[in-house]
Amino acid sequence: MKNIDSNSHLRGESIYLDDVPLVAGTLFAAAFGSPHAHGKILNLDLSEAEKMPGVARIFTYKDVPGENQIGGIVPDEPLLAEHHVHFQGMPVALVVAESVEEAKMAMKKIKIDIEPLPIITDPRVAREKGELIVPPRTFKIGDVDAAWSQCAHIVEGTADTNGQEHLYIETQGAYTFPLENGSIRIISSTQGPTAVQRHAAICLGIPMHMLEVDVTRLGGGFGGKEDQASMWAILCALATYHLKRPVKYSLDRMEDMRMTGKRNPYSSDFKIGLDKDLNIIAYESTYHQNAGAAADLSPAVLERTLFHSTNSYFVPNVKATAYSCRTNLPPNTAFRGFGGPQGMFVIEAAIHKAAETIGVPAWEIQSRNLIKTGDEFPFGQIAESEAKECWVVANQIFEPEKIEKEIKAFNAENVLFKKGMSFMPICFGISFTKTPMNQARALVHVYTDGSVGVSTGAVEMGQGVNTKMLQVATQIFSIHPNRVKIHTTNTFRIANTSPSAASATADLNGKAVEIACNAILDRLKTITAEKFSVSETEVSIDNEEVLIKGSPVGYNWSQLIQDGYLKRIALSEHGHYAPPGLHYDAKIEKGHPFAYHVFGTAITEVTVDCLRGTYLVNSVKIVHDFGTSMNTAIDRGQIEGGLVQGIGWMTLEEIVYDENGRLRSNALSTYKVPDIYSVPKEIDIKFLKTEKDNMAILKSKAVGEPPLMYGIGTYFALRNAIKAYRPDAEMEYATPMTPERVLMGLVGKKQEKVTV
Ligand code: MTE
Ligand code: HPA
Ligand code: MOS
């Protein structure tokens, strides 16, 4: 089935926040952000700004009627700064005017006097100074200290990954409308409608039932709108609360890049020990997460780093410790993979360094240590693994020995161009790591004409979840897809939603749709059984035809629904789903946090231009564990998009803050993202089909985040190509592998670390 949005996307008819027709009387907002990264506000002078044409009002923290607090996990983030500023761009005041231009002109007239305080941008410095967001956490299995003595090889090092700008095509924004008696309607570009509702209620000091949050779709979220959409929605709601007028704020690109958080950069240490047969015996790692100035989602991101610290490998002795470090940067946040990629990069770096030191190809270590069904993860969950299957199938169909031979021949013949290749196995846990978040609801209405309306907590952000929800309803009822409409995500229809995140949206909401549809179907079967004097088990529906004992009887879906209405059965149902079997005890750091894991293997081949440092990704060949994909077109799209986003993180995308905490890569001229020329020339995706009765919706495994981590393979393929040119190249394990960094490797200069 095609993505149900494809036609309207192509015609430009799909509705995003900025397509909502403007209502007469709408005001426009703009946030005044701190010009300093850290300091004490001595004076804020709004007098000139307030006199500017078109200004309706300028709001500060003093105008927040409830609690001036939007921190989701830790209450450490004010909506508007009070006496201190903690990062450049931190909202201090909100200008509301008759036009966007007037709001921005007035903003320039705001005067702020700040007494500077010391600025920290490096997470290791933050840790030294005791600036931690939450206490550190350690995952342990076996006895790592005792295990070193059994190791034939021990290798230590550091591994750093930079952040990543979400760069959703649609920037952050919201549009709020006054309803009667103080209620407010919020249209928000958010992955978390309930997060917006909950925090708007806290800030405005009103109950959640007065706040309707409605989301049609997002032009991308990638984690950046899981929590960080709340700020802009609540600021608009604050203005609507006071002025009783509609208020809109759609950030421009530079505002968005400057004021919002990104993927958490990490600076990590590793120590890995192997026996003489290359079995990984022990692994010790320490992660310094750059959280930015407030907790936001960083503690949860940190936790997932630990959950993925051993990637696809079984290691009997592990000690992994993670620090969430407070710096004076915008609070960093969720980004596809949610800390998993950062953890997986470190063990891959450890394995590659061990391989180089021992003098074997990295794949020998990787393949020998893949996790098997029955093995225990460091956090106590027993693996149900497809790691080996993916690896073996990749070796069968892509014949990497042949590729390796060709690469050797190519490298022997060519002086200025060198090829490199790598393997990248992935393993990603599906479920919110915070167990209570794993729940969802759906509301299904069958109308008297036989058409069906479905509402869920799922937010469509390009990942195709609405198409999957429609497939579930269509399949359960066995009716034509054009009978079903997926409605907007709305907090008045579906309450207490978890954000659309953790790749679990289709699983959680799809199962809720399944439950609701089955309840209605059961009632329809009951009245049909009565009508034809048969038992309910003898009734089925096939492609809109009602079948009795498998045969048509000249009775169809439309007639059935008419009868259902006349017999006064409920043609609506609210389904609730909470996956069973999940638990986790953070005190002992053991449990069963994931419904299942997704596995895969990517083989990447690159060519480096050794004169220029530029490179091409020739091919990425993937065997991916889809379960039984319910939509191969959408799932393939997720693999391609995730892969390219991962390659961007590993190679081109370089976030640079200066020592004053100022973002220097603040526009698309200074922040390079993958374009059509930098995507792999060949992307070959083979579906590993399994039919295990896992907790995936219709056995179709979650696919949103896992493929991002295939991109890590490109980093190591590039290193291997550089080594083919200069075997003694000394390169830190640090990303992104920009052409500049490649060139430094090629000419034998020690590469400088990117500071953040
Ligand atoms: N794909 C598109 N096109 N746009 C997005 O914003 N977000 C990713 C992934 N794929 C995203 C996307 C992230 S971060 C997650 S968690 C999942 O989609 C969320 O959707 P799912 O739970 O339905 O997979
Ligand atoms: N993934 C994504 N988002 C989240 C998670 C998670 O595990 N936990 C809380 N928010
Ligand atoms: Mo995705 S980072 O869980 O929104």
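Where is the place of Pro 736? Pro 736 sits in the loop between β30 (733-734) and α19 (739-746), helices here being DSSP runs of H or I with at least four residues and strands DSSP runs of E with at least two, numbered from the N terminus. The peptide bond that leads from Thr 735 into Pro 736 is cis, with omega near 0°.

A few ground rules first. This is a predicted model, in which local features need pLDDT of at least 70 and side-chain atom pairs count only at pLDDT 80 or more, while totals for chains, interfaces and linings use all residues. Residues are numbered from 1 along each chain as its sequence is written, chains are lettered from A and ligands numbered from 1 in the order in which they are written, and side-chain values use heavy atoms, with hydrogens and water left out.

Now to ligand 1. It is surrounded by 16 residues, and the closest of these are Gly 221, Phe 222, Met 461, Thr 505 and Gln 638; to be near a molecule or strand, a residue must have one of its heavy atoms within 4 Å of it. By class, this shell around ligand 1 splits into five nonpolar, nine polar and two charged residues. In that scheme Ala, Val, Leu, Ile, Met, Phe, Trp, Tyr, Cys and Pro are nonpolar, Asp, Glu, Lys and Arg are charged, and the others, Gly among them, are polar.

Gly 221 puts a backbone N or O atom 2.7 Å from an oxygen atom of ligand 1. Gly 462 also uses a backbone N or O atom, at 3.2 Å from a nitrogen atom of ligand 1. Gln 463 works through its side chain, with a polar atom there 3.1 Å from an oxygen atom of ligand 1. On its own, ligand 1 has 520 Å² of accessible area, and the protein covers 92% of it; such areas come from the Shrake-Rupley method with a 1.4 Å probe, and for residues only the protein chains shown count as cover.

Ligand 2 has its own set of residues around it: Glu 226, Arg 304, Phe 338, Phe 432, Thr 433, Met 437, Ala 501 and Ala 502. Five of these are nonpolar, one is polar and two are charged. A polar side-chain atom of Glu 226 is 2.7 Å from a nitrogen atom of ligand 2. An N or O atom in the side chain of Arg 304 lies 3.1 Å from an oxygen atom of ligand 2, and a polar backbone atom of Thr 433 lies 3.2 Å from an oxygen atom of ligand 2. Taken alone, ligand 2 exposes 260 Å², of which the protein buries 98%.

Phe 338, one of the residues around ligand 2, has a positive phi of about 55° although it is not a glycine. Its place is in the loop between β15 and α10 (340-358). Phe 338 counts as buried because its relative accessibility is 11%, where buried means under 20% relative accessible area, exposed over 50% and partly exposed in between (1.4 Å probe, protein chains only). Leu 278 is another non-glycine residue with a positive phi, near 75°. Leu 278 is found in the loop between β13 (266-274) and β14 (280-292), and it counts as buried because its relative accessibility is 7%.

As for the interior, nonpolar side chains tend to be buried together in soluble globular proteins. The largest nonpolar core here has 147 residues, and those with the most contacts inside it are Ile 272, Tyr 283, Val 452, Phe 477, Trp 557 and Ile 712. Such a core is a set of buried Ala, Val, Leu, Ile, Met, Phe, Trp, Tyr and Cys residues joined through side-chain atoms within 4.5 Å. Helix α15 (residues 505-532) gives the most to this core, with 11 residues. At least three residues come from each of domain 2 (266-432 + 589-747) and domain 3 (439-577), with bounds from an automatic or database domain assignment.

Finally, Ser 678 lies in the loop between α17 (632-651) and β29 (682-689). A polar atom of the Ser 678 side chain is 2.8 Å from the backbone nitrogen of Asp 675.

Methods: A polar contact is a pair of N or O atoms within 3.5 Å; within protein, one must be able to donate a hydrogen and the other to accept it, and residues adjacent in sequence count only if both atoms are side-chain atoms.
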